[in-house]
Amino acid sequence: MSNFQTLIWLEASRTLRLLDQRRLPNEEVFLNCETLLQVTDAIRTLAVRGAPAIGVTAAYGVVIGVQEEIALNRTVSRSGFDNIIAELAATRPTAVNLFWALERVRKTGYAGLKNGLNGTELRNHLLKEADLIFAEDERDHHLLGENGARLIPDRARILTHCNAGALACADYGTALGVIRAAHTAGKEIQVFADETRPLLQGSRLTTWELLQDKIPVTLICDNMAAHCMSKGMIDLVIVGADRIAANGDSANKIGTYSVALAAEAHNLPFYIAAPTSTIDFSLTNGSEIPIEERDPDEVRFFGEKRTAPAEVKVYNPAFDVTPARLITAIITEKGVFKPDQLEQINVSP
Ligand code: MRU
């Protein structure tokens, strides 16, 4: 367990409470979402972020959308239900966990509607599914952590990029889950956290999260990673993923690809840690993964301060794709796989 709660359903107020990640590390404040719009805004603006956390949030978002329909005395129809799901699906395009969770909830909702459940019964039925997705997320990331920890030598110095921790999941984390499990097993590991421009998930979130658990962490700027490798300061790399194609090509936070190239040049293992819900078997390779492009001002500004001319043209892709050939292994809750072995995974429907 981590020392904080990224997201939690509060049944007494029928709201979803999110730790507002836009405000970390300066303030620990919570957002209580009671409308669908609040949930979609929270996902779009990265109050909640990280592939698994977005999926779990969206599942509760459907419950909130249905609650709103009930409060307006509307009968929840199949098309009304589909509209709620469509609003959530339109928030961010890359992390497949969002669509994976929404499809699970959609199936649950359709079954409920077919069986003639009334609004409140349907809402309760959907809440059970969202709670299950939450619980599975916690369980799977602990399993993933155990599977990955076996690959980590004692005294390893590990580079990570972005935040793939408890802040990015219901709890525990993927890349940081492996790191947590290795630390708990008594391994004396040290983490190097890339700052992760433009939104600084590494410096704002990963360092904050690791310091809470007293795991030694050193912050570096993104452009220092290859230098650290060349100086023999890094033993291996572990990052998360937002979507993995069937051939193992993996989309993750922009900059991950350059880290993988640098790791290859220095002969260092490069691991992806992700639950199997991040694998999109419908895509044959990474070129088919949709890459989100975000507001140019994220690049023109450093935090609140503008650091580029207002009129300068900007390109701001939020993710890149690391080709399978650069990935040593993919660590999941079902085991550790070479990228070309993913088809062995029996993903339950
Ligand atoms: O834009 P973000 O902050 O949602 O991007 C998050 C990442 O790229 C993470 O590395 C990924 O979602 C894995 S989280 C376990």
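Which residue in S2 does Trp9 stand opposite? In this predicted model, the answer is Leu16. Local features here need pLDDT of at least 70, side-chain atom pairs count only at pLDDT 80 or more, and totals for chains, interfaces and linings use all residues. Residues are numbered from 1 along each chain as its sequence is written, and side-chain values use heavy atoms, with hydrogens and water left out.

S1 and S2 (residues 15-19) run antiparallel over 4 bridges; two strands pair if DSSP finds at least two bridges between them. Helices (H or I, at least four residues) and strands (E, at least two) are DSSP runs, numbered from the N terminus.

On to the domains: the assignment, automatic or from a database, gives domain 1 (7-142) and domain 2 (152-344). The contact takes 29 residues from domain 1 and 33 residues from domain 2. Together they bury about 2600 Å², 56% of it on carbon and sulfur atoms; buried area is the accessible area (1.4 Å probe) that two parts lose on being put together, summed over both. Between the domains the count is 1 salt bridge, meaning a side-chain nitrogen of Lys or Arg within 4 Å of a carboxyl oxygen of Asp or Glu. On the domain 1 side, H5 (119-149) gives the largest share of residues touching domain 2, namely 6.

Technical notes: Contact means heavy atoms within 4.5 Å.
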